[in-house]
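Have the sequence handy as you read.

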Amino acid sequence: MSSASVATPPTRLAAPRTRPSAAQQQRDAAASGDGRRPDRAPSMDPLSDKATLILIRRVLCAEKLADKGREVVPPIEELLPSLTSRNDVDLQLYAFLAIIIREFVQAWYNKITPDETFVAEVLQVIAHCSRALEQRFRTLDVESLVLDEIPDLLDRHITAYRASHDPVSQSPIAVNPQEVYHALFPLPQLSPVPQAGDEKVLEEQKENEAAYRQLLVQAVLAILLPTEDLENPCLTAIVGQIFSELIVGNIIAGKASQPWLLYESICIAGRVLGEKKTRATQRMVSGRHVPPVKAKGKKEQIKWSAQAIFLTMVHFVVMIFSSVRLLITTLAASSSLPLRQTGVELSSGSKDAIESSTSTDEDSNKPAKVPVLNFKVWYCVGNLIQLDTRMPWLSGFLSLVQYQAVNGPGRLAGLNSPLDR
C-alpha cells in the first residue's frame, strides 16, 4: 500500500484566543493557588487620628452606634460628653479612657451583663470631674504654685536628703539614711521605713500607700462630683478605683516616675532639640559661602584701625541706650498692668487694701502673696547647686541685693511694685 493512498484528516482553522480579563485572572489564580495574591491596602497607622477614632467608637460608643444607622456616622463630639474645652485634647483623653475601660472595666463587667449603660454613667462622672477640674485650674495661681510652693517642697527634700546621707557618726553605729530621712521629712504614705528582707513591712507600706491614694482621690471627688453622684456608693467606688489605682498608682507612680522612664524622656527631648539645632545650622550655612579653612600653625592677626574702633564704640553706645530705653519703657508701662494681689477686692491706688490683704489671706488659710524675688525657686536653685558652700561671697551678695530690692528704699521689687508685675 502506497503512502499516497493514506487519507489525511482535514485541517481545522484555529479560533482566535481572547485574553481573559483581570478579574478572571484573579479568580483563576485564587482557584489554582499558584498565582500571587492581589496587593493589599497599606495598613493603618495605629497612632493616627483615624485609628484613635475607631478605638473610641468601638469601646465607648457601641450602644449609641447600634441605635443609629450605619450610613450616618455622627462626629465623636455628639456621642460623648466633652472632657475639656478643646476637641484635640478630648480626643487623646477619650483614647486613654477607652484603653482603661476596655482592659479594667469591660473585662469583668461584660461577663455579668451586656448592658453598656454603666460605661456611659462612668464617662459622665469622669467628664463632670474633668470639666470642674479645668475650671478650678483657670482660677489657680500658677506662678505661685510653680515658682514658690513646688520649689519649697523640693528644697526641703534636698535638705533632708543631704542631712540623711551625711551622718555624724561612722560605722558600726551609723544610722540607716532612710530612717533619718523619714524622721526629718515624714511621709505617711511611705511609712513604715522598708527593711531589706522584711516582706511584712513592705506589704504594710504598700497598703498605706494604697490607702493614702484612696483618701486623696475621695477628697478630690467630694469637691468635684455633684451631690447626687456622691450618694451613689457603687459609682464613686468604681471611679475612685479608676483614678487611684489605675491612673495615680499604676501610671503615674508605677511607670511615669520610674528612673528609666525619666532618663529616656530626657534623652528623647535632648535628641529632638539637638536635631532641631542641627537642621537650623544647616539651613543657615547652606545659603552662605563657607570661608576656607586656614592652615594650622598660622596665628590670626587682628588688625585694629581707627574706623573699626569707632564703629565698635558706636555699637556699644547704641546697645546701652537701647537697654536703658527698654528698662524705662517697661517701668512706665508697668503702672497699667493689673495687680498680682487677687485675694480681696482692691481699690485703685489703695495701699491699705494691699497691706490688709495679707491678714485676710492668713485668716482664710490661703498662702499669702509674696514678691517674685522672694519665691522659693531662688533658694531651691541655690541649695541645689550648693552656692553657700562653693561661693559664699556670691550667695551673700545676691541675698543683700534681694533684700534691698524688696525691703529697701522705694521697694522696687516689693509686692505689686513696678518690677514685680
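## Aromatic rings

Phenylalanine 185 counts as buried because its relative accessibility is 15%, and buried here means under 20% relative accessible area, with exposed over 50% and partly exposed in between (1.4 Å probe, protein chains only). Before going further, keep in mind that this is a predicted model, in which local features need pLDDT of at least 70 and side-chain atom pairs count only at pLDDT 80 or more, while totals for chains, interfaces and linings use all residues. Residues are numbered from 1 along each chain as its sequence is written, and side-chain values use heavy atoms, leaving out hydrogens and water.

How many aromatic pairs does a search of the whole structure find? The search turns up 3. In the pair of tyrosine 109 and phenylalanine 118, the ring centres sit 4.8 Å apart and the planes make an angle of 25°, so this pair is stacked. For the cut-offs: rings of Phe, Tyr and Trp (its six-membered ring) pair if their centres lie within 6.5 Å, and planes under 30 degrees apart count as stacked, over 60 as edge-to-face and the rest as tilted. Tyrosine 109 is buried at 14% relative accessibility, and phenylalanine 118 is buried with a relative accessible area of 14%. Tyrosine 181 and phenylalanine 185 have ring centres 5.8 Å apart and planes at 45°, so they make a tilted pair. Tyrosine 181 is buried too, at 14% relative accessibility. Trp108, Tyr109 and Phe118 together form one aromatic cluster.

## A lysine over a ring

Look next at lysine 376, which lies over the face of tyrosine 379, 5.3 Å from the ring centre. To count, NZ of Lys or CZ of Arg has to be within 6 Å of the ring centre and within 35 degrees of the ring normal.

## Helix H5 and its aspartate

Helix H5 covers residues 87-104, which is 18 residues. From first C-alpha to last, H5 reaches 25 Å, close to the 26 Å expected at 1.5 Å a residue; that expected span is 1.5 Å times one less than the number of residues. Helices here are DSSP runs (H or I, at least four residues), numbered from the N terminus. Among the buried residues of H5 are Leu91, Tyr94, Leu97 and Ile101. Their cover includes helix H2 (49-60), helix H6 (106-109), helix H7 (117-138) and helix H12 (233-256).

Aspartate 90 belongs to helix H5. Not counting residues up to four places away in sequence, aspartate 90 touches Ser82, Leu83 and Thr84, where contact means heavy atoms within 4.5 Å.

## Glutamine 218

Glutamine 218 is found in helix H10 (residues 199-224) and is partly exposed, at a relative accessible area of 34%. Its C-alpha is 9.0 Å from that of alanine 237, 19 residues apart along the chain. Leaving aside neighbours within four places in sequence, glutamine 218 is in contact with Thr236 and Gly240.

The peptide bond from serine 191 to proline 192 is cis, with omega near 0°. Proline 192 lies in the loop between helix H9 (177-184) and H10.

Glutamine 386 has phi near 55°, a positive value in a residue other than glycine. Glutamine 386 sits in the loop between helix H16 (376-384) and helix H17 (387-390), and is partly exposed at 31% relative accessibility.

Note on methods: Helices (H or I, at least four residues) and strands (E, at least two) are DSSP runs, numbered from the N terminus.
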